[in-house]
Amino acid sequence: MSVTKKSKKLIWSLGIMVILLVILMIPVPYYLYQPGDVEPLSPVITVENGNKSEKGNFYLTTVTTIKTSHLYYLIYGWLAPNTQIRKQESVSGNLSADEYDFLLRHMMTTSQQNAVVAGLRAAGEVVPVQNKGVFVTNVLPMSKAKGEIAVGDVITEIDGQQMQKSSDVIAYLSAKRAGDTVDMIFLHEGKKQQHTFELTVINDQGKVGLGIQPEDEYVIHPPRKIKIDTSGIGGPSAGLMFSLEILNQVLPEDLTKGYQIAGTGTMDQEGNVGQIGGIRDKIVAAHEGKVDIFFCPADVQPGDSNAKDILDEAKKRNYKIKIIPVHTIQEALDFLNQLQPK
C-alpha cells in the first residue's frame, strides 16, 4: 500500500518539528541581563530604636538575571528589549552554577554586614569587627588544592600560624617558592579539615600561592539590632543604599528630604563605594521607578567605568534623573545634607 502525498507531507512536517524542538533544547552557556525594578528600603531594613518617618524613599535597584539553559532562551534574549547577552565564563568564570549561586548569596550577606558597619559608623557609633579567618571565593584551575578545598571554605591556620585576614595569607606566602608545601587547617561545611598543599605559580608575573581567591571572614557586633530582609536578591551591589537607609533611620533628620533616591554600589567597612556590574540596566529600572536622584560609584581606579557608563546611558535615553557619582558614603551624605527639601 503506497503512502499518499498527504501522508508524506505530514511525516515531513512532523520531522521538521522534531528537529526544531531538538535544536531549541540545545544547551547554551549564556546569561541574559535585563533591568529589574526599584524596591523601597524602609520596609526591608529595620534599625532598633530607629526612625522610619522619612518623607521620601531610598531604593535599591535590581537586575534580572536569566541563565539560558537552552537555545530558546537565547532567541528570547535576542528579541527582548533592554536585554544584554553575556557568555557564562564572563559572568561566573570557572565556578559551577551551584558555586556561583552560593557566592552570590554570600556576597549579599557580606554586603549587609559591611553596610551595617559603614552606616552606623557614619552616624558616629562604634561597631566592633572580629576577623575569623579567610573565606575562599574561588579555587583557580592551576591550584594544587583543587578538589580538596572548595568555594565557601574558611582557612584558619597555615603552618601553625593563625590566619585571621586575607592579608595574613598573602603576607605569609610571599616568601615561598613554587613547589614548597604548607600545612593548612580550614573549615569545610563547618567541619575542621587539615591538608598539606603544594604551592604553585598563579600568574604571569611569577607570583606563587595556593591558587585561591581569598576574602576576609568576620562577624560584627553592632550596638543595636538591625534586620535586613532581602530574600531572592543576591550580590553585593546594594551596599551603598543599605548604608544610607540605616544611616537615615539612625539620624534624627530625614536625609531623603522628600525625594525618591535610588542607587547602587558595593560598600566596605571603611565606607568606600565600589564598582558593580549591570549599571546600564539599573538606570533603566530607576527611570521606570520615577526616581529623582541616583547615586552611582565614582570612577576612581584605571578601568573603572560605572559613572561613565551610566551617564552615557542616561544621555542616550534622554533621562532626567540627577546622577551623583560618589566614592564614599560620606560623599553621598554631604550631597544629601546640602540638598534643598523637595
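A residue is called buried when its relative accessible area is under 20%, exposed when over 50%, and partly exposed in between, using a 1.4 Å probe and protein chains only. By that rule F135 is buried, at a relative accessible area of 4%. Before we go on, please keep in mind that this is a predicted model, where local features need pLDDT of at least 70 and side-chain atom pairs count only at pLDDT 80 or more, while totals for chains, interfaces and linings use all residues. Residues are numbered from 1 along each chain as its sequence is written, and side-chain values use heavy atoms, with hydrogens and water left out.

Let's stay with the aromatic rings. Rings of Phe, Tyr and Trp (its six-membered ring) pair if their centres lie within 6.5 Å; planes under 30 degrees apart count as stacked, over 60 as edge-to-face, and the rest as tilted. Searching the whole structure turns up three aromatic pairs. One of them is the stacked pair of F102 and F135, with 6.3 Å from centre to centre and 15° between the planes. This pair links distant parts of the chain, since F102 sits in helix α4 (residues 97–122) and F135 in strand β5 (residues 129–139), 33 residues apart. Helices (H or I, at least four residues) and strands (E, at least two) are DSSP runs numbered from the N terminus. The rings of F186 and F197 make a tilted pair, because their planes meet at 35° with the centres 6.2 Å apart. F186 belongs to strand β8 (residues 181–188) and F197 to strand β9 (residues 191–198), and both residues are buried.

Helix α4 also holds S111, which is buried at a relative accessible area of 3%. Among the residues that S111 touches are P236, G239 and F242, leaving aside those up to four places away in sequence; contact here means heavy atoms within 4.5 Å. A polar atom of the S111 side chain lies 3.3 Å from the backbone nitrogen of G239.

Next comes strand β17 (residues 293–297), which is largely enclosed by the rest of the structure because five of its five residues are buried. I293, F295 and P297 cover one side, with F294 and C296 on the other. Two strands pair if DSSP finds at least two bridges between them. Strand β14 (residues 260–263) runs parallel to β17 and is joined to it by three bridges, with A262 partnering F294. Strand β18 (residues 322–326) pairs with β17 in the parallel sense over five bridges, and there F294 stands opposite I323.

Side chains of opposite charge can pair when their charged atoms come close. A salt bridge is a side-chain nitrogen of Lys or Arg within 4 Å of a carboxyl oxygen of Asp or Glu, and the whole structure has nine. In one of them, the closest N and O atoms of R280 and E313 are 2.7 Å apart. R280 lies in helix α7 (residues 279–288) and E313 in helix α8, so the pair ties together parts 33 residues apart in sequence. E313 is buried at 8% relative accessible area, whereas R280 is partly exposed at 24%. E313 also forms a salt bridge with K316 (3.7 Å, N to O), and K316 is exposed at 58%. Another salt bridge joins E313 to R317 at 2.7 Å. Through shared partners, R280, D309, D312, E313, K316 and R317 belong to one network of salt bridges.

Key. Polar contact = N/O pair within 3.5 Å; in protein donor to acceptor, adjacent residues only side chain to side chain.
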